[in-house]
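Dear colleague,

I am handing over the structure below, and I would be glad if you could look through it with the notes that follow.

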Amino acid sequence: MMCLNARSCWRRISKQLQKLLYRQSTLNQKNSVSSASVKVRYLDDPDKSEGDKKMYRALCLPNGLRAMLISDPRTNEIPHKSTSFHQEAQQKNASSTAGSSNTSLEFYNGKLAACAVLVEVGSFSEPMKFQGLAHFVEHMVFMGSEKYPGENAFDSFVTKNGGFSNASTSDEYTCFYFDVEEAHFDKSLDYFMNLMKAPLMEQDAMTRERSAVQSEFEQAFMSDDVRRDQILASLATEGYPHGTFSWGNVKSLQDEAQDIELHKALHEFRQKHYISNRMIVCLQAGLSLDELEQLLITHCSDIPSNVDQGLNVKDLHYDKAFREQFFQEVFLVKPVEDMCKVEMTWVLPPMIPYYRSKPDSFFAQLLGYEGEGSLCSYLRKRLWCMSIIAGAFDNNSIYSLFNICIYLTDEGFDHLDEVLMATFAWLKLFNDCNTLNDFYKEIQQIADNNFRFQIEVPAFQNVGTMARRIKNLPPKDVLTGFQIYFEYEEEPVNLLKQHLSSFNFNIMITSHIPYKDCKYDQKERWFGTQYTTMPIPQKWVDMWQDPQAFPDLALPPPNPFVTTDFRIHWNEAGRPQISRKPKTLIKDDKCELWFRQDDTFLLPDGFICLYFITPLVRLNVRNYMMAVVYTYLVDFCIAEQLYPAIEAGLTYRLFIGEKGLFLIVNGYNDKLPLLLEIILKVMSTLDLDPAQVVSFKELKKRQIFNALISAKSLNLDLRLSLLESQRFNMLDRYEILDTIFLDDIQFFKENFHKEMYVQGLIQGNFTEQQALDIMSKVLMNYKSEKIQNFEILNNSLVQLPLGSHYLKVKALNREDTNSIVTNYYQIGPSDIRQECLMDLVEMIVEEPLFHQLRTQEQLGYSLSIHQRIGYGVLAFIITVNSQETINRAEYVEQRIEAFRARIPELVQELSDEEFLAVRESLISGKKLADTSLEDEVMRNWNEIVNMEYFFNRIDKQIQMMNTLSKEDVLQFLADYESNHLRKLSVQVVGKQTAPVRTPTDSISSAVMSRQESTVGPGKRQGSLNELLEEVQQTISEEQLLFERMGDNIKLEFIGNSNDGSHIVDIADFKKNLYIYPVINTNP
């Protein structure tokens, strides 16, 4: 044991020494170049929070390139004090052997290095003849450089070394970014910066990559927000640059342009705008600032510059940016989504210069308030409104747009006049208020708290954010500028008041119910959005000028959830040694409570995770759906009361799991017990409203319907329905909702806790006693009996028969051309060795899969390979989203299988050195530090919920990975091919002929894409909000399907019932299959 540790320790020391010598030699080789030829101009260092341990350096190179260097010393910092599993094992058993399963290597604190390059050019600068050109250039830049001509050379290098890359195009900038293991940062920068300096952008690559731009357009095609933006763009005053179609598609980049001409325009645009004096670079790594500066100089000092300063907006005024029609007519828009919303949009001067006082953000928080006395509360109580979002959604150097968007119910749409009347009164309440400074101070305090104790984000996200900030802010304020409310200033606040108190804004009504039976007689050019306009009704003008008083509307009260206690309990306890794994505080037949006090992130944050396991949920699908509706009703009831908690930095989620109800609250630990107490009280005392029960049943039914007609979610549901021994499939859930009534929800509320087992994890800035007190209150709230038969709650998978089997159904949306083909390859009961072998396979083949099936064969824009462990059974999955009009599902499956057959060859082709590099990259990835407390909590919580408690899983994976060879991988693959091949191909097959509408990804896929997006400005997290967004994203074409199909949904299987490999009846196919026992992967 000692000898093994000595060797392990020496390897680490040796690697660190080699790395140090490499850095020193690199600096020695390059410093002469730097000092002799490059004179750097240093800028002000940014102000940072007291808890920010990173070091920053702002500078400018002689070629005009601006940069921010970020040294994160924690990347290479030796951990302070946490007790490892290995130390615990030694303490428990001094005679532990080398084979002990408790062995642990080290505390993992590695981080990826990252780079962002922001080019100050976007769609505002593209010629009208080639609309979408800026976006297209962004794509083409990645397609090889003069030094590294391979189309996927950069992506391949970064992917194989633990990173990824991406880019985005906006109106005034294009941002590229990547992350990678730090050991490969220098080489990655060489690849990356050569793309900036001399990209190939060859014509044959252009014709292929244009389809990727078209795919992005198609994914955005069904978004009403995007369509709204394009209608507004069509109202731009002539000569203003925002009137372009920034997405680009085949029509704008092919049908309306010759390829030779377009290819020339690509290069001219890049040569004119991709220059050093219009570039901002941000580098972040564990290297010192001097080392980062040397990397910057080496890779960026020779980027050429020119005198071009970009678009001149000096003579473009915000108040002339849109034609008069924008302000004088109501726009009535036919949505693609099943929604009703009314929007009011004001055109403001650019708000970025007012970043210190942030009047737009300040008013957005006031007007978007959803607590007691708010406009949202007033409308929700009448079931007229689902949510309200306020804020700026477009900020550029010409204008800013400020928007209030009210998502209405159908009932609310019928009372549109009353909704507008209340909205005008709500605006007047704040416009007339002379004590706004008091509200500002509270928001200022919350923002100060959030900045002081900000949660770290991944490096790639940080560098991208930093580059965008450098574009708009002085170096000193790049960290504070968009987060802190520096001071209340009357002039900017009054400027915003002046605009918001003037009846000079755009009104847009987007509704699946035509307003006053209007006829849509106009069509937007690019998205084909149907709309019409009408003069603003005089009654609305009168309501604005003389708004009615609304006693129910009131200014927000003081926020009781604002945190004031920021003590760090670990510090106050004298910084004791803390085990890296959670500690069991309670373990009996009614409850298990796990606890870990944070000693790593040292923020006043915490998580309280609870799982209320109840046999009632698992008993049948009806009870399961009763539980779903119950959680929605609870969430709706507490939304108003807990909105101040959301504003103060707390979050909560109540949702259904397989065995019961999950409740997770997190944020500033000081107020979390109060938040939990309120939710538990409502769960126990909820008064059911018949109208709400009906509404949420209907909303949930629509939600399931949308999932059923989504090829992607239907494919997943079919696969799991076949594989899981017990599953309530979506169709069962959908059909059972009609049988559930108020009395059923009442029954569930009163009985789900009669027999219950509570799992809990309390982690973060808490003491043990606080954790025990919290769980004591939870148990006292319900006083449950123990579950009599826990085994009936367990689920497991069936073992697929040997060979290949096919489950094919037609997409329920008969107009959807998308086909989803998923090949599931079942391996068997999982263990650490097999997991690691599959990790290696996945990393080796991921880039070749993308290159072969996406780039070369163009089977589809979206495809993936990943391993899956379900109930202890290991498998790997290859999925391709294709269009049936281009590639038939059957052909796609054949190409997937052909690629899978080549996997051993791809492994065999690797040299021993290349294989070891892949293995080392995987190990480095597993040694990455948790970015935030949430990462650590969710990993521990997953082990607890699955009842495996394998808290040192990563340690064991790293130990195992170090023992595996290329021969082990080849033997694993050969054994699977010869003896254990169990394949299930699930295919949801789209329409074989193109529909009349513009070709696009399925409507539902667009919805899925939006649901997976990150919460952005003006949106908040929380289970009710997520539900309402899902409801708002129902599609009007799907609404027609819903009305046509109703309760007569029937899957149409494709296949020959006489062919044993074709599955046409899931229940019949699986009834005699072997069911795996409960498998615990913890050795």
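Lys 583 is partly exposed, its relative accessible area being 43%; here buried means under 20% relative accessible area, exposed over 50%, and partly exposed in between, with a 1.4 Å probe and protein chains only. This residue forms a salt bridge with Glu 768, the closest N and O atoms being 2.7 Å apart, where a salt bridge is a side-chain nitrogen of Lys or Arg within 4 Å of a carboxyl oxygen of Asp or Glu. Because Glu 768 lies in helix α28 (residues 768-782) and Lys 583 in strand β15 (residues 583-587), the pair ties together parts that are 185 residues apart in sequence. Helices (H or I, at least four residues) and strands (E, at least two) are DSSP runs, numbered from the N terminus. Glu 768 also counts as partly exposed, at 35% relative accessibility.

Please keep in mind that this is a predicted model, in which local features need pLDDT of at least 70 and side-chain atom pairs count only at pLDDT 80 or more, while totals for chains, interfaces and linings use all residues. Residues are numbered from 1 along each chain as its sequence is written, and side-chain values use heavy atoms, with hydrogens and water left out.

As for the whole, the protein chain has 39 helices and 26 strands, and 58% of its 1083 residues count as buried. Of the contacts in the protein chain with a separation of 6 or more, 83% are between residues 24 or more positions apart, a contact meaning heavy atoms within 4.5 Å.

Arg 66 counts as partly exposed, at 23% relative accessibility. Lys 983 forms a salt bridge with Glu 897, the closest N and O atoms being 3.3 Å apart, and this pair links distant parts of the chain, with Lys 983 in strand β25 (residues 982-989) and Glu 897 in helix α30 (residues 889-901), 86 residues apart. Lys 983 counts as buried at 2% relative accessibility, and Glu 897 counts as buried at 18%. Elsewhere, salt bridges that share partners join Asp 225, Arg 228, Asp 229, Lys 341 and Glu 343 into one network.

Turning to the strands, an open sheet is formed by 7 of them in the order β1-β2-β3-β7-β4-β6-β5, with mixed pairing; two strands pair if DSSP finds at least two bridges between them. The edge strands are β1 (41-42) and β5, each of which pairs on one side only. Strands β4 and β6 run antiparallel and are joined by 7 bridges, and the bridge partner of Val 117 in β6 is Phe 176.

How many residues of helix α3 (residues 133-141) are buried? The count is 9 of the 9, so helix α3 is largely enclosed by the rest of the structure. What covers the buried residues of α3 includes β5 (164-169), β6 (174-180) and α5 (185-197).

With best regards
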